[in-house]
Amino acid sequence: MKTKINITIIALLALILTIVPLAGCNNNASEPDETTTVVTETDAPEPTSDLIGEGLKAAMLLPGPISDIGYNGPAYEGLLRIESELAYEISYAESVDPADYENVLRTYAQEGYNLIFAHGNQFLETVTIVAEEFPDTWFAVTSAFTTNEKNISGMNLSSHDVGFLSGALMAQMPDVDKIGMVSGAEIPPLVMIYDGLRAGAAYINPEVEIANVYTDARADMAACKEAAVALLDSGSDILSTTAGTGAPGVISAAADAGKYFVGNSSDWSSVDPETVLNSVITDWGSAVVNTATLYAKGELQPIPYMNGIVEGAVYFLEYGEHALEVIPEEVLSRMDTIIEDIKAGKIIIADEVAALPEE
Amino acid sequence: MDLVLSFLTSVIRQTVPILYVALGVLVIQTSGILEMASEGKMLLSCFITAIVAFYTGSAWIGLIVGTLATGIIGVIYIWLIQEFHLNQIIVGLSFNTLALGITSLLFRQKYAAVMEMNPILPTFEFRPAGFSIPVYVAFLMVPLLSLFLKRTTPGLKIRSVGENPRAVESIGLSVKRVRYMSGFLGSLLIGIGGAFFVLGVSGIFAENMTSGRGYIAMTAVSFGKFTPIGTLASVVLFGTGDALQYRLQAAGNIIPHQFAQMVPYLMTVIALVVFAKNPNSPSSLGKPYYKSR
């Protein structure tokens, strides 16, 4: 009798041990069928202007939930914008499993969607296969630097632009002789932000020193904080980071030392509004709208597009109350001038980066 | 001088949470239970502590509740192993996965949105000579634990259960009871480690924030040959390696950053080569115990 009960308890525990972690780790584990099926928006809001997308259908595949802050959420916002601003008919599939990529892509293409967004470089291989079979459908793949040169466009955000804006602001802050950077990992997009930052700082003042510390890809807040403290000890006067989730550690180190921080990718001011001067936003939504606008006009080319400051996809947020108190007036106005010059083509960031000395 | 001080501070900040967890693992392993769940327990402690500290506004209440909760979780863990004779490695690993899943799920569903507004948790305000109380206690624990395991009756019981449970049974002591006790005590220490990590070091809760520190603590125990002093030495070694490599990088282009990042691993390899003889692990470590009839 006792063994029977024991077996039942073990079976129950085994069940809990397998189910609960799945529910926690995997975004779509609770109802896998529901999340990967195609969700079509029916109640379209009244279109406002420029209805160039009338009669066109756009779909989007997202690797994660539409509720996240930095990556999937903004892209989904962009999809909603092309519905309301350009009158596209839209549909999306969130938290798509790698096993379902091909199936979902094919379903959309067969249902006659004209433009299909695949939000992530991980989709590129599958999109390339499916795109061959549907030559009349257009695909836009995020972070794709190569395409099939027929019906796939790459949709990228300019990491150089992100770095340039933050570098220009940091180098102008009073008493800044050395900028400290906590780099997440040595991968191209993050190295590009770092290069952009060097170019931005050098544009303001070639004398400004820059110190960089690489943490590893799994670095967390505590590790990033140690890296930031090491930078501050070596004389850095202001900090930035590309370490993503580790950023609060860098902010907290800056706060402890009474220094400032300039962020990127999302708004970090909620962590500590007195330390975070501003954050450079990478707006996937604008990239989506730009791509859909080009497509509706019949101007979309099968090339990797770069969306940056000029395209309105990379920008500083509004300065917060505290930031406005500590950033000198002339710095703010010079930043405005720089951004205008970039938009007017007077500053070409790629050239500024190319002119950097070898490190 | 300032730089040396800051370097030491950095080492201490990285060392203390792992030291608590490692000492906890040591107590549990000494009794012959293979403690694979330290990562999960540490994470659960971080989570519970963060929630309690967030809602009460007190670091100390958070620490106490988080620590006690981890102690109870530790007893449940020992219960699974002792009553069902489950494979200790499997239970430990599933425990860690479970902890990661539960904390991530609850945090996303219930707390992430609320805490986003004000993510910095309360911390330990009272800091004589620059460090908060748990830091001093951590280093004090090392000689105390040494004494406890070598000189006191409960300590000796824990050690003998780890070496030869049959012998302990033959003199009329309950092996299970001793292991429950060591599981509870050890998990309390792991709990303090998690609580101090989230309140004293990181200041913010994030999913999977321990990211392997529990495993590092486990390694430190075997590396330190199952003695409190050895454990302290290996934890400090790991911490020094990390602090050193960040400083080498920050100092500029003296050496390529790849070499700087190698430093912690290099130090570990060298130490392993030098000290690897005689693992000195408890004889019955990881072996399931069946009471003789």
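1. For what follows, two strands count as paired if DSSP finds at least two bridges between them. Keep in mind that this is a predicted model. On that basis, chain A has an open sheet of six strands in the order β8-β7-β9-β10-β11-β13, and the pairing is mixed.

2. A look at the edges: β8 (209-214) and β13 (314-316) of chain A each have a single partner strand, so one side of each is left without a neighbour in the sheet. On average, neighbouring strands here are turned by 20° against each other, direction ignored.

3. How does β13(A) pair with β11(A)? The two run in the antiparallel sense and share three bridges, with β11 covering residues 276-282 of chain A.

4. Helix α6 (residues 159-172) of chain A lies across β7 (178-183), β9 (238-241), β10 (260-265), β11 and β13, at about 165° to β11(A). Helix α8 (residues 221-233) of chain A lies across β7, β8 and β9, at about 160° to β7(A).

5. α8(A) also packs against helix α9 (residues 247-257) of chain A, at an angle of about 40° and with the axes 7 Å apart. That angle makes α8(A) oblique to α9(A), and the crossing is right-handed.

6. Who makes that contact? From α8(A), the residues include Met221(A), Lys225(A) and Leu232(A), while those from α9(A) include Pro248(A), Gly249(A) and Ser252(A). By type, the residues of the α8(A)–α9(A) contact split into eleven nonpolar, two polar and one charged.

Key. Residues numbered from 1 in each chain as written. Chains lettered and ligands numbered in written order. Predicted model: local features only at pLDDT ≥ 70, side-chain atom pairs only at ≥ 80, totals over all residues. Helix = DSSP H or I, 4+ residues; strand = E, 2+ residues; numbered from the N terminus. Axes fitted to C-alpha atoms, helices over the stretch in contact; angles between N-to-C directions. Contact = placed C-beta atoms within 7 Å. Parallel < 35°, antiparallel > 145°, perpendicular 65-115°, else oblique. Left-handed = near helix turned anticlockwise from the far one by under 90°. Nonpolar A, V, L, I, M, F, W, Y, C, P; charged D, E, K, R; others polar.
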